Amino acid sequence: MKDKAYRAEIEAKRLRILEADKAKEAQVAELMGKAKDAETRSEWAEAEQFAKRAAEIDPNNIAATALSTVMRIKRHYERDKQIKADME
């Protein structure tokens, strides 16, 4: 009887962990989608923020970290390009 209760408790914990994982993945996917949308609109800072939030939620998500880095670089590049154009 104790064994059955113990197994049921373990199974309930596994189920909660699985559901939390699915919710986390859904949230990361939503944020990455928003980041991609912002990227297509050339809003680099906004895209970087969304990607950073996704990376904070799931630090093991390489795509979120990479997108955050690329958007930061692109933002700086575009700013530098604008500064050079203004100087000419």
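## Helix H1 and what covers it

In helix H1, the residues Val28, Leu31, Met32, Ala35 and Ala38 are buried, and the elements that cover the buried residues of H1 include helix H2 (44-57) and helix H3 (62-87). The structure described here is a predicted model. An α-helix has 3.6 residues a turn, so residues three or four places apart point the same way.

After H1 comes Ser42, a residue whose phi is positive, near 65°.

## How H2 meets H3

Two packed helices are described by the angle between their axes and the distance between the axes. For H2 and H3, the axes come within 8 Å and cross at roughly 160°; because an angle over 145 degrees counts as roughly antiparallel, these two helices are therefore roughly antiparallel to each other. The crossing in which H2 passes H3 is left-handed.

On the H2 side, the contact is made by Trp44, Ala45, Ala47, Glu48, Ala51, Lys52, Ala54 and Ala55, while H3 contributes Ala64, Thr65, Leu67, Ser68, Met71, Arg72, Lys74, Arg75 and Glu78.

## A buried glutamate

Glu48 lies in helix H2, and it counts as buried because its relative accessibility is 5%, where the cut-off for buried is under 20%. Apart from neighbours within four places in sequence, Glu48 is in contact with Ser68, Met71, Arg72 and Arg75.

Note on methods:
Residues numbered from 1 in each chain as written. Predicted model: local features only at pLDDT ≥ 70, side-chain atom pairs only at ≥ 80, totals over all residues. Heavy atoms only, no water. Buried < 20%, exposed > 50% of the residue type's maximum accessible area, 1.4 Å probe, protein only. Helix = DSSP H or I, 4+ residues; strand = E, 2+ residues; numbered from the N terminus. Contact = heavy atoms within 4.5 Å. Axes fitted to C-alpha atoms, helices over the stretch in contact; angles between N-to-C directions. Parallel < 35°, antiparallel > 145°, perpendicular 65-115°, else oblique. Left-handed = near helix turned anticlockwise from the far one by under 90°.
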